[in-house]
Amino acid sequence: MRYGFVIDQDRCIGCHACTVACKEEHQVPIGVFRTWVKYIEKGEFPHTSRHFGVLRCNHCDSAPCVTICPTNALYRRSDGIIDFDNERCIGCKSCMQACPYDALYIDPNTNTAAKCNFCAHRVEASLEPACVIVCPTQAIISGDLDDPASKASRVVATQKVSVRKPEKGTQPKLYYVGIEGDLLQPARLSRQNAYAFAQRQDQRTTVQAFDPSVSREVYDVAHPAPWGWKIAAYLWTKSIAAGVMLVAALLNGRAAGPISTIVSPLIALAALGLTALLLIFDLKRPDRFYYLLTKPNFRSWLVIGAYILMVFGALCSAWLVCGILIGEVPGGLVVATAVLAAASACYSAFLFAQAKGRDLWGSPLCFWHLLVQAFTAGSAIWLLESLFLRSSRVFPSLFLLMLFLALSLCMILIELARPHSSEDVRLAIRHMLRGHLAARFWGLAIGAGLLLPILLLCSISAFPSLFMPMGMWVPAAAAVLSLAGVWWYEDVWVNAGQSVPLS
């Protein structure tokens, strides 16, 4: 049994009865929607046409929201309906990033995720969903797609139907008859600052100039970006925690003195603590953060990452204890900590790959970029430690920082230049290079965060006598700029991924 929807857009009159019925049936709060009708227009007056698209959860057979949900709050029922349990939801918003169809939202009353659940309570009572019974033109059809006798199954078998984003591999069970193709590809649409009777509330795209050959979005509902500065900051603090221990292991953790044995693990533990706090306070239900451990979904990289960070924290603590008690760190502990540090830095690549709605984040270079950023942040911290503690590790740290800054710059340029997998990736990168994120990207992430510290460090290396009067302040400035550059890039990258509309 696999329940699904068929929506006949040739019959739809855009009356919003389905939206109103859904809101009434489920007491959906103002400002959020489980089902909504989107309008687009094509052509130039007087030769124009308006097209409707009824949008909602696709109840995918391979639902990425179910896979990424860390607490199994989203689940696939035996009848194929993707339902949710808001008593388990921690409000991490990862399901909103995983869904390619913009189907999920955060309920402002409960601060938990919600979406269309096929009116499961009505289905269990052998009733049709509220949107089906209220539609005045019978444009919405529901039924068991595995039952050849059901009307929905017959329409799918006998008529030309379309689904949204089949390339995502989600196997959606929401089929459209007669839908305008541009409604299936939101990146193609021209967007304005305002609709006929409303202002835009999200910041997904820059405004495009009017072009009569391009379909225009004239009515939609707001879909603000779910993740903000806290996620960028979490990536940054995690890079510092992982990087400082990677560099400690690389620069011989057994004999590097108190910087390696005591100061570095202390910094790593402090950065890990900040990472945990950022993750918890980004939750809409921070009071439920412990559900990650008590109700875990081990397919979600949010859960796997939480365990990696805990083990890494335990190893850092053991490293610190060894440094305090015996003044050196056993070789086995150095290797184990380095492995967990690398895992801590890079697991987010797999988490972002589970965010199927954000194509930019699925880059094959993401894993390696996170590793290089961790080394960059760790080298910058080590350079600062060495400078202020007058350690002999200044020049090794300086050359490591130069190396990883150069590697980071090369990887960014490769990412921008390589063939892109989809139009969504091209649009996101366009926002970085020439759109509303361009000033932060070129001026801060690239200019101040990469090129300037590389220039300063190269100058120090080539002409050390010129910088001697300024002592440690020039390399310290380069290190601070490098750390800021990691933050600026993460902030731009997180925002660019969410700047492309999903619906």
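Modeller: The mean pLDDT of the protein is 91, and 92% of its residues reach 70 or more. This is a predicted model, and pLDDT is the predictor's confidence in each residue.

Biologist: Over which residues is the pLDDT below 50?

Modeller: Residues 203-209 fall below 50. Leaving aside near neighbours in sequence, that stretch has 28 contacts in the model.

Biologist: Let us turn to helix 1. Why is helix 1 described as largely enclosed by the rest of the structure?

Modeller: A residue counts as buried when its relative accessible area is under 20%. Helix 1 spans residues 17-26, and seven of its ten residues are buried, so the rest of the structure largely encloses it. The buried ones are Ala17, Cys18, Thr19, Ala21, Cys22, Lys23 and His26.

Biologist: What covers the buried residues of helix 1?

Modeller: The cover includes strand 2 (35-44), strand 3 (47-56) and strand 8 (140-144), along with helix 4 (120-124) and helix 5 (130-134). After helix 1 comes Gln27, with a positive phi near 55°.

Biologist: Lys23 is on the buried list. Over the face of which residue does Lys23 lie?

Modeller: Lys23 lies over the face of Phe33, 4.5 Å from the ring centre. Another such case is Lys238, which is placed over the face of Tyr347 at 4.6 Å from the ring centre.

Biologist: Now the aromatic rings. How many aromatic pairs does a search of the whole structure find?

Modeller: The search finds 18 aromatic pairs. To classify a pair, look at the angle between the planes: under 30 degrees counts as stacked. For Phe375 and Phe404 the ring centres are 4.6 Å apart and the planes are at 10°, so this pair is stacked. Phe375 belongs to helix 13 (residues 366-388) and Phe404 to helix 14 (residues 394-417), so the pair ties together parts that are 29 residues apart in sequence. Both Phe375 and Phe404 are buried.

Biologist: Which residues form one aromatic cluster?

Modeller: Trp227, Phe352, Trp361 and Trp493 form one cluster.

Biologist: Helix 13 has come up already. At what angle do helix 12 and helix 13 pack?

Modeller: Packing angles run from 0 to 180 degrees between N-to-C directions. Helix 12 (residues 331-354) packs with helix 13 at about 145°, and their axes are 8 Å apart. Their crossing is right-handed.

Biologist: Which residues make the contact?

Modeller: Helix 12 contributes Ala342, Ala345, Cys346, Ser348, Ala349 and Phe350. From helix 13 come Cys366, Phe367, Leu370, Leu371 and Ala374.

Definitions and conventions. Residues numbered from 1 in each chain as written. Predicted model: local features only at pLDDT ≥ 70, side-chain atom pairs only at ≥ 80, totals over all residues. Heavy atoms only, no water. Buried < 20%, exposed > 50% of the residue type's maximum accessible area, 1.4 Å probe, protein only. Helix = DSSP H or I, 4+ residues; strand = E, 2+ residues; numbered from the N terminus. Contact = heavy atoms within 4.5 Å. Phe/Tyr/Trp six-rings, centres within 6.5 Å; stacked < 30°, edge-to-face > 60°. Lys NZ or Arg CZ within 6 Å of the ring centre and 35° of its normal. pLDDT = per-residue confidence, 0-100. Left-handed = near helix turned anticlockwise from the far one by under 90°.
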